[in-house]
Amino acid sequence: FVLQSGQLDRNGSGSSLMANQVSERFLDNTVEDLVQTEDSREESLLEYRVQPSYAYPSSWLTKHELSDEMNASSSHFHDLRHPSKRGEEIGRLHVEVLQCLGLPKSQSTADTNAVAYCVLGSYAFATDVIPTCSNPMWLRKMRRACVFPVFHAYAKMYLGIFDDCKRQKDEFVGRIAIELARLRPGCTYDVTLPLRLSTQVYYRRQQGAVRLRFHLEWTKQRDVVLSYLPFKKMHKEEVTIQCADPKAFRNIAITVHGSHLPGRFSMNQLMGAIREINFAIIMGIRTTTQLLLDIALWQIPVLSLFVFVAWMHAVLTSSLALIPVYSLTFTLLLLSRNYARYVVLNTGKNSFLPPTLEEIFQILINGSQETDVQCIDPLDLKPRALPTSINGVASDMAVFSIESHNPWFQTLFSQLRFLENDNGMELNDDCVEFPFSNADDYPRFTVKESLASSKKQKARIEKQTSIDNSADSENTRWLERVFDDIDEE
């Protein structure tokens, strides 16, 4: 969920009421239901002791009260910014770790003692440990929120979940990575993402999911674009993270690199690299062949006309001097077509929408430090029409469609036929998860599939699946759209 925040303060508490309303009515009624059994719903009135006790001394809360405390804005944000670096910052990222869903059982203990590590650049943050719980929640008074300084726009925020084993090595559960370049300022993201073990090997193990809330603020908009220049980029040796002990050092390294650390040989990593190289060769040949056929058969009129004119001009002048110029122009046309197909055409399909070219040009022109004008439009939520009932049961879930900046030259791309997909098929985003992969053999790993379930939960999911399969086609299609909206890659 992306919430437009018109009045966000430094602690991000401006949109806490809206975030609470949306997440309670939608997220809690969908994703969290997947990890709850019928017995747990009957025990919703029972009270539970809150751990760690320093934040809530002698406190006993019901599941509903725990959910309210979790969705509320954090009472304290740990500011990781250093006074000596304030002049070099171009923005800041506010992060709140809310909960984990469906974590697998630990090898050493019955349930997981969950702790989260967040890393961005040279700064790291660790949350409180939630003992013996497969669906841990970090409440608003606990250590769960921090503020990261941002020094370049291409940074990534890594989050890793571990099973705290006291004096022994912590057991790695999974990790996620969020690219700041794909975020938009002025809005609050409340997302649930499946946990992954490796960054290089394709796994479908049920490692659970993590829910976090964050928002990005750019203080120097022009420096955001200029940070991509070579003389502005940070060198690898400049990124140093101070760790309290070897245990924290190991956890931070795994959070950034995953279970397969660089420089360490692994047969699974080798086989994954070979498989990816084979896919790259196959897809490279297939894409090049298809592009040549489309140009020859005039399936892409603009490219076909350009190649024809360039060819005739070279024959007429009997010279090869203009071939480099035509080759460069042809490459720019291909890049424009890719931008239209993979950026403009995909707008609105997921909540991670990068800034468009118009917004980047507007930043370079108007994004000075003296102006308060935000050149990048925030994402906006629009209510979506819903059926009155699902399988005979009235629905109170709030579903929203995501809207953002509409590129002004989208009409031009449409006239050039750059927005049409190959063979009329919709673009598949699965290649983002595993490059050059086939969606049939390596499908997208959704949040629902990532949750580690007990026997009772598996039986309930199978029962619910059979009910959904027997439902009428209209309600079934609507349910699929709802799950597609909440599943983040």
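Which helices are among what covers the buried residues of H8? The tour comes to that after a look at the whole chain. Keep in mind that this is a predicted model.

**Whole protein**

Start with everything shown as a cartoon. The protein has 14 helices and 16 strands. Of its 489 residues, 42% are buried. The accessible surface comes to about 26,300 Å², and carbon and sulfur atoms account for 56% of that. As for contacts with a separation of 6 or more, 72% of them are between residues 24 or more positions apart.

**Stop 1: helix H8**

Select residues 323–344, which make up helix H8. The helix has 22 residues and reaches 30 Å from its first C-alpha to its last, close to the expected 32 Å. Colour Phe330, Arg337, Tyr339, Ala340, Arg341 and Val344, the buried residues of H8. Then show helix H6 (267–296), H7, helix H9 (357–366) and helix H10 (410–415). These four answer the opening question, being included in what covers the buried residues of H8.

**Stop 2: leucine 303 in helix H7**

Stay in this region and select leucine 303, found in helix H7. Is leucine 303 buried or exposed? Its relative accessibility is 0%, so leucine 303 counts as buried. Show the side chains around leucine 303. Neighbours within four places in sequence aside, leucine 303 is in contact with Leu291, Ile295, Phe330, Leu333, Leu334 and Arg337. Two of these contacts, Phe330 and Arg337, are also on the list of buried residues of H8. Draw a distance between the C-alpha atoms of leucine 303 and arginine 337: the value is 9.7 Å, although the two are 34 residues apart along the chain.

**Stop 3: the surface patch**

Next select valine 309, which lies in helix H7 (residues 301–317). Valine 309 counts as partly exposed because its relative accessibility is 44%. Together with Val309 they form a nonpolar patch on the surface, with about 720 Å² of accessible area.

**Stop 4**

Move to arginine 81, in the loop between strand E4 (78–79) and strand E5 (91–101). Arginine 81 is buried because its relative accessible area is 12%. Which residue forms a salt bridge with arginine 81 at 2.8 Å between the closest N and O atoms? The partner is aspartate 79. The side chains of the two are also joined by a polar contact of 2.8 Å. Aspartate 79 is partly exposed, at 37% relative accessible area. Side chains of opposite charge can pair when their charged atoms come close.

Now show Arg86, Glu89, Arg92, Val147 and Pro149. Arginine 81 touches each of them, with residues up to four places away in sequence not counted.

**Stop 5**

For another one, select arginine 213 and glutamate 96, whose side chains meet in a salt bridge of 3.1 Å, N to O. Arginine 213 is in strand E12 (residues 209–218) and glutamate 96 is in strand E5, so this pair ties together parts 117 residues apart in sequence. Both ends are inside: arginine 213 is buried at 4% relative accessible area, and glutamate 96 counts as buried at 5% relative accessibility.

Then select aspartate 164 and lysine 247. They form a salt bridge too, with the closest N and O atoms 3.3 Å apart. Aspartate 164 sits in the loop between strand E9 (156–163) and strand E10 (171–179), and lysine 247 in helix H5 (residues 246–257), so the pair ties together parts 83 residues apart in sequence. Aspartate 164 is buried, at 14%, whereas lysine 247 counts as partly exposed, at 22%. To see salt bridges that share partners, go back to Asp79, Arg81, Arg86 and Glu89, which are joined into one network.

**Stop 6: tryptophan 60**

End at tryptophan 60, in strand E3 (residues 60–61). Tryptophan 60 is partly exposed, with a relative accessible area of 48%. Residues up to four places away in sequence aside, tryptophan 60 touches Glu47, Tyr48, Arg49 and Glu65.

Key
Residues numbered from 1 in each chain as written. Predicted model: local features only at pLDDT ≥ 70, side-chain atom pairs only at ≥ 80, totals over all residues. Heavy atoms only, no water. Patch = residues over 30% accessible without salt bridge, like charges linked within 9 Å, V, L, I, M, F, W, Y side chains within 5 Å. Areas by Shrake-Rupley, 256 points an atom, 1.4 Å probe, with all protein chains shown as cover. Salt bridge = Lys/Arg side-chain N within 4 Å of Asp/Glu carboxyl O. Helix = DSSP H or I, 4+ residues; strand = E, 2+ residues; numbered from the N terminus. Buried < 20%, exposed > 50% of the residue type's maximum accessible area, 1.4 Å probe, protein only. Polar contact = N/O pair within 3.5 Å; in protein donor to acceptor, adjacent residues only side chain to side chain. Contact = heavy atoms within 4.5 Å. Expected span 1.5 Å × (residues − 1).
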